[in-house]
Amino acid sequence: MTTVLVNVGGAVAIALIVWWFWLTRPAARRVENAVIDVLVADGVYTPARIETVAGQPLLLRFLRKDPSPCAERVIFDELGVSAELPLNQTRELRVTPPRPGDYLFTCQMRMYRGTLVVK
Ligand SMILES: [Cu+2]
């Protein structure tokens, strides 16, 4: 009888360890990428490809180093976001992509281009 209880206890402990170390990881990963710095310079956004998951609030910090008026606005068309980027200052933008897919972000002339890849 005692042996059976010890075995059951061992199985429960193993199940808890598996659950804690393997199955809880995806939740932690969502928080990791919540803040992203984007540099606006020389005609490109860096990074130009940002990966995230649907429903996760994202804080994007745009730093514009390009004095050209071409770079002064960033537009996320599908998310209804259009924001002015002051030169040499960080502009914080909060976006929450609702569904998986590719969301383009561009300047108003679509010369600067980036993609929010949502899984
Ligand atoms: Cu432009």
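Phenylalanine 62 is buried, with a relative accessible area of 1%; buried means under 20% relative accessible area, exposed over 50% and partly exposed in between, for a 1.4 Å probe and protein chains only. This is a predicted model, in which local features need pLDDT of at least 70 and side-chain atom pairs count only at pLDDT 80 or more, while totals for chains, interfaces and linings use all residues. Residues are numbered from 1 along each chain as its sequence is written, and side-chain values use heavy atoms, with hydrogens and water left out.

**Aromatic pairs**

- The count comes to 6 aromatic pairs, where rings of Phe, Tyr and Trp (its six-membered ring) pair if their centres lie within 6.5 Å; planes under 30 degrees apart count as stacked, over 60 as edge-to-face and the rest as tilted.
- The rings of phenylalanine 62 and phenylalanine 76 are edge-to-face, because their centres are 6.3 Å apart and their planes stand at 75°.
- Phenylalanine 62 lies in strand β4 and phenylalanine 76 in strand β5, so this pair ties together parts that are 14 residues apart in sequence. Strands (E, at least two residues) and helices (H or I, at least four) are DSSP runs, numbered from the N terminus.
- Phenylalanine 76 is also buried, with a relative accessible area of 1%.
- Phenylalanine 62 forms an edge-to-face pair with phenylalanine 105 as well, at 6.1 Å centre to centre and 80° between the planes.
- That pair links strand β4, which holds phenylalanine 62, to strand β8, which holds phenylalanine 105, 43 residues apart.
- Ring pairs join Tyr45, Phe62, Phe76, Phe105 and Tyr112 into a cluster.

**Strands β5 and β6**

- Strand β5 (residues 73-76) pairs with β6 in the antiparallel sense over 4 bridges; two strands pair if DSSP finds at least two bridges between them.
- Phenylalanine 76 has valine 81 as its bridge partner in β6.
- The hairpin of β5 and β6 has 4 residues between the strands, and glycine 80 takes a positive phi near 70° there.
- In a regular strand the side chains alternate between the two faces of the sheet.
- In β6 (residues 81-84), Val81 and Ala83 make up the covered face, and Ser82 and Glu84 the uncovered one.

**Copper site**

- The protein donors of the copper ion are Cys70 (O), Cys70 (SG) and Cys107 (SG), lying 2.0 to 2.8 Å from it. Donors are N, O and S atoms within 2.8 Å of the metal (3.2 Å for Na, K and Ca); water is not among the atoms, so sites may look incomplete.
- Cysteine 70 lies in the loop between β4 (58-64) and β5, and cysteine 107 in the loop between β8 (101-106) and β9 (113-118), so the pair ties together parts that are 37 residues apart in sequence.
- Cysteine 70 is buried, with a relative accessible area of 12%, and cysteine 107 is buried at 0%.
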